[in-house]
Amino acid sequence: DIVMTQGALPNPVPSGESASITCRSSKSLVYKDGKTYLNWFLQRPGQSPQLLTYWTSTRASGVSERFSGSGSGTYFTLKISRVRAEDAGVYYCQQVREYPYTFGAGTKLELK
Amino acid sequence: QIQLVQSGPELKKPGESVKISCKASGYTFTDYAMHWVKQAPGKGLKWMGWINTYTGKPTYADDFKGRFVFSLEASASTANLQISNLKNEDTATYFCAREITTRVDYWGQGVMVTVSS
């Protein structure tokens with residue numbers, strides 16, 4: 001199985017600052033079609049996860065431009081610009097390159 | 001609008017069975033796969049598998065082979081998760097989520113299953 005390893009954030013993050021979350025995979029997430037199959041989700045307290053980005057860097061419908069995904073191969077980053085109160089929660093990366101799909105352990109974002 | 005509405009919370013004893021439903025609306029049910037995800041209390045997300053809503057074929061992650069069954073009531077745009085011989089470690093919130101071309105874009109609200117004697 002592909003293991004996903006997420007980095008931590010230096011919580012709490014001051015409102016208005018930027019925050020970057022890292023995610024590493026134990027195997028390249030590039031598929032033969034050239035796409036890199038990595039999703040990012042945000043789970044706010046008491047809520048269901050929300051898709052933020054897919055195919056590494058494509059923002060999901062309705063997601064703020066303050067969220068941007070990047071990376072390639074086995075190293076990925078989710079950047080959150082001008083952090084706001086509603087960004088608080090746990091962020092998960094998920095590889096969808098092959099079964100079983102696997103999630104990272106989650107990275108908590110707390111705001112100051 | 002697109003919605004995945006799951007059934008209500010369940011309290012079960014060890015050894016019993018439970019069936020959770022996920023009713024889809026606002027889109028063509030068979031155009032999207034349905035995935036199931038487990039979240040134990042205070043823990044992260046764990047992918048359980050998915051079901052092809054067009055063919056009905058399920059795919060299970062290794063940890064969810066045997067006691068877990070994904071099924072459909074396609075005429076009712078509903079996906080089901082049945083867990084048999086419940087164990088304490090099955091206590092968790094179970095989410096359904098639709099997927100197309102690896103975009104897992106809508107999730108149900110989750111169902112809390114508590115297993116306790």
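1. The structure holds 2 disulfides over all chains. The term covers a pair of cysteine sulfur atoms within 2.5 Å. A disulfide is a covalent bond between the sulfur atoms of two cysteines.

2. Note that this is a predicted model: local features need pLDDT of at least 70, side-chain atom pairs count only at pLDDT 80 or more, and totals for chains, interfaces and linings use all residues. Residues are numbered from 1 along each chain as its sequence is written, chains are lettered from A and ligands numbered from 1 in the order in which they are written, and side-chain values use heavy atoms, with hydrogens and water left out.

3. In chain A, the disulfide joins Cys23(A) and Cys93(A), with the sulfur atoms 2.1 Å apart. The torsion about the S-S bond of Cys23(A) and Cys93(A) is about 80 degrees, so this disulfide is right-handed. The pair links distant parts of the chain, 70 residues apart. Cys23(A) sits in strand β2 (residues 19-25) of chain A, and Cys93(A) in strand β8 (residues 89-95) of chain A. Strands here are DSSP runs (E, at least two residues), numbered from the N terminus. Both Cys23(A) and Cys93(A) are buried, meaning under 20% relative accessible area (1.4 Å probe, protein chains only).

4. In chain B, Cys22(B) and Cys96(B) form a disulfide; their sulfur atoms are 2.0 Å apart. The link of Cys22(B) and Cys96(B) is right-handed, with 75 degrees about the S-S bond. Distant parts of the chain are again linked: Cys22(B) lies in strand β3 (residues 18-25) of chain B and Cys96(B) in strand β9 (residues 92-100) of chain B, 74 residues apart. Cys22(B) and Cys96(B) are both buried.

5. Next, a sheet in chain A. An open sheet of 4 strands has the order β1-β2-β7-β6 (chain A), with antiparallel pairing. Two strands pair if DSSP finds at least two bridges between them. The edge strands, β1 (4-6) and β6 (67-72) of chain A, each pair on one side only. On average, neighbouring strands of this sheet are turned by 20 degrees against each other, direction ignored. Inside the order, β2(A) pairs with strand β7 (residues 75-80) of chain A in the antiparallel sense over 6 bridges. Thr22(A) has Thr77(A) in β7(A) as its bridge partner.

6. Last, a hairpin in chain B. Strand β7 (residues 68-73) and strand β8 (residues 78-83) of chain B run antiparallel and are joined by 6 bridges. Val69(B) stands opposite Gln82(B) in β8(B). The hairpin of β7(B) and β8(B) has 4 residues between the strands. Ser77(B), in the turn, has a positive phi of about 50 degrees.

Definitions and conventions:
Buried means under 20% relative accessible area, exposed over 50%, partly exposed in between (1.4 Å probe, protein chains only). Axes are lines fitted to C-alpha atoms, for helices over the stretch in contact, and angles run from 0 to 180 degrees between N-to-C directions.
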